[in-house]
Amino acid sequence: MTSKETSHQSDTQTLSLCNLPAVSVLIVDDEPGMRNFLVKALSKRFALVESADSIETAEEIRKRCHFDLLICDIKLPGRSGIEWHEAIDEGEKRSDIIFMTAYADLETAIEALRAGASDFILKPFRLEQMTTAIDRCLERRLLARENFVLRREVNSVYSSGSAMLGESQAIQEVDSIIRRVAPTPSAVLIEGESGTGKELAARALHQYSGRTGAFVPINCGAIAPDILESELFGHTKGAFTGAQKAREGLFTFANGGTLFLDEIGEMPLGMQAKLLRVLELKAVRPVGGEQEVSIDVRIVAATNRNLEEEVKEGRFREDLYYRLNALTLTLPPLRDRREDVPTLVHNFSRKLSRELGLPPVPFAHEDLEAMMAYGWPGNIRELKNFVERCILLGRLPIDSFPEQNKVAMESPPNQPSGRGFPSEWPLEEVEKHHILQVLADHQGNKSAAARQLGISRKTLDRKLQAWDETSQSDS
């Protein structure tokens with residue numbers, strides 16, 4: 001074992017384990033040489049590496065702490081590794097297990113995999129074989145954690161009882177309508193400017209509907225008109241040049257679920273007639289096919305056009321418009337729900353900083369006020385892109401707000417607008433108004449206001465008392 005250890009130790013210089021310093025490993029083997037070799041090699045990479053010579057000893061160690069990875073020999077005195085039910089049957093807390101054995105056959109390998117082995121290694125092995133197996137285990141564990149986090153984030157949006165993010169009355173009305181109509185099979189037409197979150201609203205309708213099928217989105221304006229029919233309805237083999245095999249359409253993929261027809265106003269008139277027939281018959285006929293296939297699909301369409309005007313101009317079929325328009329959901333532009341900007345900014349900042357691997361940019365009250373005053377012609381999409389740019393730059397590029405897109409802020413004559421003050425005001429009046437404004441921003445919390453102002457609480461109390469006395473004497 002000594003010569004092998006020397007060879008294995010030289011291999012540790014090329015160890016390719018993931019950089020996860022908090023990983024804990026427990027090695028179970030009745031051969032002291034193997035235990036010592038693995039402990040020495042893996043301790044250079046992981047925060048905690050311990051060893052045991054039997055399942056009973058390993059269980060005593062596991063009572064003290066949880067291990068992410070168990071490396072266990074199958075042939076052990078007493079119970080074998082495959083009989084280590086306490087570790088194998090641990091449920092969600094279960095550690096990854098790599099089994100080792102020098103007496104391998106197909107039956108043993110199958111038994112190990114059935115017992116829940118993450119990997120299986122034959123003795124004797126090179127260290128790089130072990131590290132590759134560990135890498136695979138850790139990568140799977142990391143991917144599982146990321147998937148869990150993503151599922152939790154998605155579920156938290158819909159389980160919170162709020163389909164759309166924001167506290168404004170406009171968005172709460174949209175949220176209420178979504179939750180009310182989602183369980184019904186009725187078609188919904190979502191209208192709104194580009195970037196207002198039409199696809200998010202469509203996904204919320206699907207999520208709340210309880211439908212077990214998939215949510216399938218398609219942008220009707222992004223697909224060439226000559227292949228749109230095939231994309232939606234599918235085609236048979238040889239239906240047209242290049243159709244070398246049959247293919248199912250998006251209606252079939254969405255069976256039992258929701259088909260989201262984004263930019264429905266871009267759909268050609270000829271295709272509109274075929275779509276109307278599908279909606280009326282609830283069946284599709286693939287291009288080149290002779291038989292129709294029944295479908296159960298909930299239709300949600302979206303547009304940034306005025307479809308009533310499109311109907312009047314003859315660019316959109318009136319019968320299809322009324323078929324899709326069982327309910328119209330109009331999403332407000334961001335300039336009409338400015339009070340939701342801070343909530344959206346903090347939400348985007350948290351998610352994007354995690355995705356980009358960069359620290360979030362701290363947004364001061366004045367920064368949020370500037371964002372609330374901006375018109376956001378690109379709506380939520382523009383706001384999200386702006387937050388992403390802030391995180392990438394590590395600062396807030398306020399100068400990127402064009403003045404012509406500022407929303408007019410109504411203020412009484414001779415009163416400050418935002419944080420600006422009339423030039424004719426004396427310095428004492430500017431100081432007083434600013435301090436009172438900061439105090440109001442903190443809902444009367446004097447300690448918080450004093451910290452932001454950079455003065456002591458005692459100084460703030462003294463100034464407030466002086467102004468109060470002046471006000472009483474004037475009255």
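I began with I190, which stands opposite L329 in β14. Strand β6 (residues 188-191) and β14 run parallel and are joined by three bridges. I count two strands as paired if DSSP finds at least two bridges between them. Helices (H or I, at least four residues) and strands (E, at least two) are DSSP runs, numbered from the N terminus.

The model is predicted: local features need pLDDT of at least 70, side-chain atom pairs count only at pLDDT 80 or more, and totals for chains, interfaces and linings use all residues. Residues are numbered from 1 along each chain as its sequence is written, and side-chain values use heavy atoms, with hydrogens and water left out.

I next traced the sheet. Its five strands form an open sheet in the order β7-β10-β13-β6-β14, with parallel pairing. β7 and β14 (328-330) are the edge strands, each pairing on one side only.

I then turned to β10. Which residues does strand β10 cover, and how many of them are buried? Strand β10 covers residues 258-262, and five of the five are buried, so the strand is largely enclosed by the rest of the structure. Buried means under 20% relative accessible area, exposed over 50%, partly exposed in between (1.4 Å probe, protein chains only). T258, F260 and D262 point one way from β10, and L259 and L261 the other way. In a regular strand the side chains alternate between the two faces of the sheet.

I noted both partners of β10. Strand β7 (residues 215-219) pairs with β10 in the parallel sense over five bridges, and N219 has D262 as its bridge partner. Strand β13 (residues 298-303) runs parallel to β10 over four bridges; there, F260 has V300 as its bridge partner.
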